[in-house]
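This report covers aromatic contacts and the helix that contributes to them. The sequence and structure come first.

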Amino acid sequence: AMPFAVAAGRLAALGIEGDRAEPFWLAVRGNLERLADAAPWWRIVNDGPQERPAFTPEDAAFLDAAFDALPPEPWDGTTWKAWTGRLKETTGRKGRALFMPLRLALTGREQGPELADLLPLLGREGTLARRP
């Protein structure tokens, strides 16, 4: 719950600075045990997952359709809901079958910050770079 103004100096020491530092902090802080845990998430947001998960053929086909259906920019906090709502309608997937392949493709992790908050930080180009 630490405000960005309090965390900013410590984040900058970890290389987390610039225009995206505050929205990044607001997106990840609820999923951290220690402030230093933000550094790996900063790398994921900027550079993508460290390891690429292996997807089943069904999930790989779903992800192809999902990345083809990415909405145009500008993106904001509503983009995730719009994108996944469209995918739910077009693919019939819901719940874990809908969200987990997307989370793994975007972050390489099964848990983490809300993707609705991370997606605008990734941007369309950064999201497409994570296409399996």
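Phe 67, Trp 80, Trp 83 and Phe 99 form one aromatic cluster. The model is predicted: local features need pLDDT of at least 70, side-chain atom pairs count only at pLDDT 80 or more, and totals for chains, interfaces and linings use all residues. Residues are numbered from 1 along each chain as its sequence is written, and side-chain values use heavy atoms, without hydrogens and water.

The structure holds four aromatic pairs (ring centres within 6.5 Å, using the six-membered ring of Trp; planes under 30 degrees apart are stacked, over 60 edge-to-face, the rest tilted). Two of them are described here. The Phe 67 and Trp 83 planes meet at 75°, with centres 6.3 Å apart, so this pair is edge-to-face. Phe 67 belongs to helix α4 and Trp 83 to helix α5, so the pair ties together parts 16 residues apart in sequence. Trp 80 and Phe 99 form a tilted pair, 6.0 Å centre to centre with 35° between the planes; Trp 80 is in α5 and Phe 99 in α6, 19 residues apart.

Accessibility is classed as buried (under 20% relative accessible area), exposed (over 50%) or partly exposed in between, with a 1.4 Å probe and protein chains only.

| Residue | Relative accessible area | Class |
|---|---|---|
| Phe 67 | 2% | buried |
| Trp 83 | 1% | buried |
| Trp 80 | 11% | buried |
| Phe 99 | 34% | partly exposed |

In α4, Asp 59, Phe 62, Leu 63, Ala 66 and Phe 67 are buried. Seen down the helix axis, these residues fall within an arc of 130°, so they line one face of α4. On the other side, Pro 57, Glu 58 and Asp 68 are exposed.

Notes:
Helices (H or I, at least four residues) and strands (E, at least two) are DSSP runs, numbered from the N terminus. The arc is that of the directions from the helix axis to the C-beta atoms.
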